[in-house]
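Have the structure open and follow along as we go.

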Amino acid sequence: MESNTPETSEQTAPTAQSEADKLVQDDLNKLIGTALGVAGDQLESHGAFLPVGLVLTHEGDLHLVAVSPNAVEGEGEEELDADQMVADLFEALSQQREQNRAAAVVCDIHLPDDATDAIHVMAEHSTGVSVSAVRPYRQAPTGWEFGNPFLEAGETAIWA
């Protein structure tokens, strides 16, 4: 009987691991998909979007996290400091990390090599997995055009 126990454990361990990996992947896909959708909707409705955060709670609920925009003095007018807003979002999400199993920050970036802007989603899971999604966009005469999103390795900042 004892000789069967390790064999059974070895056989079930990969299944448990692959189920855990699938959960992490599903959580990150949910965050990235929602973030890209929210940013795309804001672009189509308002022509711009502010950086926001998304969290996935331990119960599986998805919540939006926002911070107050910071203004910097520009030439004759105040401009939003999006970089500071992103930093504030990461700080807020880090402070809330015990209540969540995954989180993401979405912001607008410029891709100089492609001479276009893009929606940038930085998603992170409490297990230490981190990924970024980038979706180029541009305004065309017929409306907003979105490129295919691509993924790249992310940096751990919330659960660091």
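Is Arg101 buried or exposed? Arg101 counts as buried because its relative accessibility is 18%, where buried means under 20% relative accessible area, exposed over 50%, and partly exposed in between (1.4 Å probe, protein chains only). Before going further, note that this is a predicted model: local features need pLDDT of at least 70, side-chain atom pairs count only at pLDDT 80 or more, and totals for chains, interfaces and linings use all residues. Residues are numbered from 1 along each chain as its sequence is written, and side-chain values use heavy atoms, with hydrogens and water left out.

Arg101 sits in strand β5, residues 100-111 (strands are DSSP runs of E, at least two residues, numbered from the N terminus). Its contacts, meaning heavy atoms within 4.5 Å, include Leu56, Thr57, His58, Glu59 and Gly60, leaving aside neighbours within four places in sequence. The Arg101 side chain also reaches the backbone oxygen of His58 at 3.1 Å.

Now look at the hairpin. Strands β1 (residues 52-57) and β2 pair in the antiparallel sense over four bridges; two strands pair if DSSP finds at least two bridges between them. Four residues separate β1 from β2 in this hairpin, and Gly60 in the turn has a positive phi of about 95 degrees. Across the pair, Leu56 stands opposite Leu62 in β2.

Finally, find His63 in β2, which spans residues 62-65. His63 counts as partly exposed because its relative accessibility is 39%. Beyond neighbours within four places in sequence, His63 is in contact with Gly53, Leu54, Val55 and Thr57.

How values were computed: A polar contact is a pair of N or O atoms within 3.5 Å; within protein, one must be able to donate a hydrogen and the other to accept it, and residues adjacent in sequence count only if both atoms are side-chain atoms.
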